[in-house]
Number of protein chains: 2
Amino acid sequence: MDKSYSVLNQLLVDIFNDILLIEQNALKSGELSDISITEVHAIEAIGKSSERTMGEVAQDLKVTMGTLTIMVDKLIRKGYAERFRSEEDRRVVFVRLTKKGELVYKLHERFHHEMIRSIIEGLSDEEEKILISSLEKLKEFFRKKYDLILRKE
Amino acid sequence: MDKSYSVLNQLLVDIFNDILLIEQNALKSGELSDISITEVHAIEAIGKSSERTMGEVAQDLKVTMGTLTIMVDKLIRKGYAERFRSEEDRRVVFVRLTKKGELVYKLHERFHHEMIRSIIEGLSDEEEKILISSLEKLKEFFRKKYDLILRKE
DNA sequence: TCCTTTATTTTGATTATCAAATATTTTTAA
DNA sequence: TTAAAAATATTTGATAATCAAAATAAAGGA
């Protein structure tokens, strides 16, 4: 429609693509070159608490359990996670991070930290507020509009 | 660190995941169920101008030409695009959208439109300006910091 | 004309993913 | 209390998306 529209749209599209690319590549060129962005996200989900069941993690990542089984197999093979059966209910399987996995978890956390800090750094208090409330609106828009798809938690 | 940090971080993460999921699913459940999100992005890149070469589109999408060849094959098979050789330089191949492809292009455009409208709605002119400049800073940060990775245009 | 460069496609992998089938354990209900 | 149903996970058999390297074809010099 007007200028604001296309400027904003382009900004959002660009930033979105940037983040995607950065996350993908920051790893490869970084200290942990044997690990993919998907694997980092799995590690993130596993590390959210000390022990999680396959089901919980799969739901969190929004993948099927079959997919997760394979992901976890690989993480174990690479030494980032371990898996063991519950004693109370022998159907359930727990996953947890190894020391090596924890390290990745922390590195990724640091990446986010740095990203956010650099955003905030350059903004005045007022700009910060507006940015936050705009993003809240954006999120609200998605949640309302795509309730069906997003409702999962 | 402080509150702003975690609020912003969570917002960005949420929005990010939402967009990913929505784009992925909005299609399946919608009018165009035979088309994937990747394909829509390809259609978007192809539709940017009336005729584009394989090379241009591949660069735009940041995939290899081999990958694009396969993507375009499929789009053609499904009737969303067509391909023909240049007469001036018979090495180059042009791609363009069919009527059916244009339709998808417009639907996706509408999605973006609506998204942006929902953000702008409720912002004063002043706030709108601030939002835009904040996002510009954010983009600038990425471009500077991750120049190596992002430099491709 | 032959060599080099450019534009694309083909080939042969790998990774991420799903749905359906299978295996095991627990829960329920007759 | 035991047979059927439900829950939790894994395995299997596909398909998507992707890449790098090899092959193809055309253009542009020297």
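This briefing walks through a two-chain model, starting with how the chains meet and ending with some individual residues.

This is a predicted model, so to speak of a local feature takes pLDDT of at least 70 and a side-chain atom pair counts only at pLDDT 80 or more, while totals for chains, interfaces and linings use all residues. Residues are numbered from 1 along each chain as its sequence is written, chains are lettered from A and ligands numbered from 1 in the order in which they are written, and side-chain values use heavy atoms, with hydrogens and water left out. Chain A and chain B bury about 5500 Å² between them, and chain A can be laid on chain B by a turn of 178°.

**Chain A at a glance**

- Chain A is built from seven helices and three strands; helices (H or I, at least four residues) and strands (E, at least two) are DSSP runs, numbered from the N terminus.
- Read from the N terminus, the order of elements in chain A is α-α-β-α-α-β-β-α-α-α.
- Chain A has 153 residues, and 43% of them count as buried. For the accessibility terms, buried means under 20% relative accessible area, exposed means over 50%, and partly exposed is in between (1.4 Å probe, protein chains only).
- Take the contacts in chain A with a separation of 6 or more: 45% of them come from residues 24 or more positions apart. A contact here is heavy atoms within 4.5 Å.

**Where the chains meet**

- On the chain A side, 51 residues are in contact with 52 residues of chain B.
- Carbon and sulfur atoms give 77% of the area buried between the two chains. Buried area is the accessible area (1.4 Å probe) that two parts lose on being put together, summed over both.
- The rule finds six residue pairs in polar contact across the interface of chain A and chain B (both at pLDDT 80 or more). A polar contact is a pair of N or O atoms within 3.5 Å; within protein, one must be able to donate a hydrogen and the other to accept it, and residues adjacent in sequence count only if both atoms are side-chain atoms.
- Sorted by type, the chain A side has 30 nonpolar, eight polar and 13 charged residues. In this sorting, Ala, Val, Leu, Ile, Met, Phe, Trp, Tyr, Cys and Pro are nonpolar, Asp, Glu, Lys and Arg are charged, and the others, Gly among them, are polar.
- A:Asn9 sits in helix H1 of chain A and touches B:His112, B:Met115 and B:Ile116, not counting residues up to four places away in sequence. A:Asn9 is buried, at a relative accessible area of 12%.

**Symmetry**

- The superposition is by least squares on the C-alpha atoms of residues with pLDDT of at least 70 in both copies.
- Both copies use the same surface, as 98% of the contact residues of chain A recur in chain B.
- Among the residues of chain A, A:Leu131 comes closest to the rotation axis, at 2.1 Å (C-alpha).

**Salt bridges across the interface**

- The whole structure holds 25 salt bridges over all chains, and the rule finds four across the interface of chain A and chain B. A salt bridge is a side-chain nitrogen of Lys or Arg within 4 Å of a carboxyl oxygen of Asp or Glu.
- B:Lys137 pairs with A:Glu127 in a salt bridge at 3.2 Å, N to O.
- B:Asp14 and A:Lys139 form a salt bridge at 2.9 Å, N to O. B:Asp14 is in helix H1 of chain B and A:Lys139 in helix H6 of chain A, so this pair joins two chains.
- B:Asp14 is buried at 15% relative accessibility, whereas A:Lys139 is partly exposed at 22%.

**Salt bridges within a chain**

- A:Lys48, A:Arg52, A:Glu56 and A:Asp60 are linked in a salt-bridge network.
- One pair is A:Arg52 with A:Asp60, at 3.7 Å, N to O. A:Arg52 is buried at 11%, and A:Asp60 is partly exposed at 31%.
- In chain B, B:Lys48 bridges to B:Asp60, with the closest N and O atoms 3.0 Å apart.
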